[in-house]
Amino acid sequence: MKCREMVELMTEYLEGALSPLDRERFETHIAGCDGCRAYLEQMRATRNVVGMLADEPIPERVQEELLKAFRDWRATGS
Amino acid sequence: MQARPTEPEVDALRRGDEAAFVDAIHTYHGPLMRLAMVYVRDHQVAEDVVQEAWLTAIRTLDRFEGRSSLKTWMSGIVINLARARRRKESRFVTFTSLLRGDDSDRRKPTVDPSRFGRDGLWRHGPSSWDNVPEATLIGSETLTKVKEAIDDLPPKHREVIIMRDVAELEAGEVSRLLRITPENQRVRLHRARAAVRKALEDYLA
């Protein structure tokens with residue numbers, strides 16, 4: 001496998017979607033290639049950094065309105 | 001993904017467990033906001049959509065069959081509401097932005113071919129980020145770059161990376177919600193992550 005092909009298989013590798021044979025080839029290549037190893041690490045890091053976009057606190061006003069709706073729903077027992 | 005017979009989170013809400021509700025709206029606010037903003041760009045509109053989604057959820061809790069997780073169910077509601085909202089506003093959307101991001105580019109390389117030699121091996125390999133200080137990698141400037149890179153993605157790639165990496169939905173759930181094949185889901189995820197990685201590489205260089 002060439003590095004050029006490797007980079008296009010990174011997500012399939014991370015997703016566990018490669019066939020056992022391709023997976024083995026992939027891992028053999030990674031073991032001996034600094035560039036591809038760095039690229040794979042960067043794809044992992046990218047996923048983690050993107051994940052941090054999830055941190056957004058709920059505005060108090062929204063929380064209060066939703067809580068009120070939840071209590072109303074509970075009170076009417078519907 | 002296997003179907004779960006009962007979903008503890010949903011059961012707690014059905015019982016009227018207030019702590020569970022507060023917990024859920026806190027936990028999912030960020031991911032649902034990002035998801036809404038895939039379709040409606042305006043922050044306030046996205047907030048309205050997420051709020052409306054929770055109200056819809058409360059109203060229909062009794063009918064929820066619990067075959068998917070609360071997060072997946074909420075994601076589905078947010079997607080539907082946000083898409084409806086966008087349709088209303090679509091006269092403002094240009095044609096190019098609607099047409100961008102089909103899957104015709106799926107075979108195009110995600111890494112600049114000039115970085116490889118004729119033998120297909122790295123000529124200009126990526127340099128490791130091991131020496132990038134953690135504070136830089138997760139700093140607010142980096143996050144701004146990441147946000148910009150995601151905003152620049154074709155919508156179809158954007159929705160997949162947000163669902164997978166921000167909302168952390170499972171691959172199967174995303175395929176189902178978007179009605180795309182598992183392979184297609186992976187291709188879009190790959191193209192999206194590769195583009196964001198490139199933006200990060202440029203920024204950190």
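Domain bounds, as used here, come from an automatic or database domain assignment. On that basis chain B is divided into domain 1 (8-92) and domain 2 (101-204), and the centres of these two domains of chain B, taken over C-alpha atoms, are separated by 26 Å. The structure is a predicted model, in which local features need pLDDT of at least 70 and side-chain atom pairs count only at pLDDT 80 or more, while totals for chains, interfaces and linings use all residues. Residues are numbered from 1 along each chain as its sequence is written, and chains are lettered from A and ligands numbered from 1 in the order in which they are written.

The predictor assigns the complex an ipTM of 0.90 and a pTM of 0.87. For chain B the mean pLDDT (the predictor's confidence in each residue, from 0 to 100) is 88, with 90% of its residues reaching 70 or more. Within chain B, confidence is lowest in helix α5 (residues 95-99), at a mean of 49, and highest in α10(B), at 97, where helices (H or I, at least four residues) and strands (E, at least two) are DSSP runs numbered from the N terminus. Over residues 1-5 of chain B the pLDDT is below 50, and this stretch has four contacts in the model beyond near neighbours in sequence, two residues being in contact if their C-beta atoms, placed from the backbone, lie within 7 Å. Where pLDDT is low, the predicted coordinates should not be read in detail.

Between the two domains of chain B, 10 residues of domain 1 are in contact with 10 residues of domain 2. On the domain 1 side, the elements that give two or more residues are α2 (18-39) and α4 (70-89) of chain B, of which α4(B) gives the most, with five residues. That side of domain 1 of chain B divides into four nonpolar, four polar and two charged residues, with Ala, Val, Leu, Ile, Met, Phe, Trp, Tyr, Cys and Pro counted as nonpolar, Asp, Glu, Lys and Arg as charged, and the others, Gly among them, as polar.

Elsewhere in chain B, the axes of helix α8 (residues 155-166) and helix α10 (residues 182-204) come within 8 Å and cross at roughly 90 degrees; axes are lines fitted to C-alpha atoms, for helices over the stretch in contact, and angles run from 0 to 180 degrees between N-to-C directions. The helices α8(B) and α10(B) are therefore roughly perpendicular to each other, a label given to angles of 65 to 115 degrees. Among the residues that meet there are B:Val160 and B:Ile161 in α8(B), and B:Leu189 and B:Ala192 in α10(B). By class, this contact of α8(B) with α10(B) has four nonpolar, two polar and six charged residues.

Chain A has four helices and zero strands. Its radius of gyration, at 23 Å, is well over the 12 Å that the globule rule gives for 78 residues, so chain A is more spread out than a compact globule; the radius is taken over C-alpha atoms, and the rule is 2.2 Å times the number of residues to the power 0.38. The C-alpha atoms of chain A fill a box of roughly 65 × 25 × 15 Å, taken along the principal axes.

Between the chains, 38 residues of chain A are in contact with 47 residues of chain B. On the chain A side, α3(A) gives the most, with 13 residues.

Technical notes: Parallel < 35°, antiparallel > 145°, perpendicular 65-115°, else oblique.
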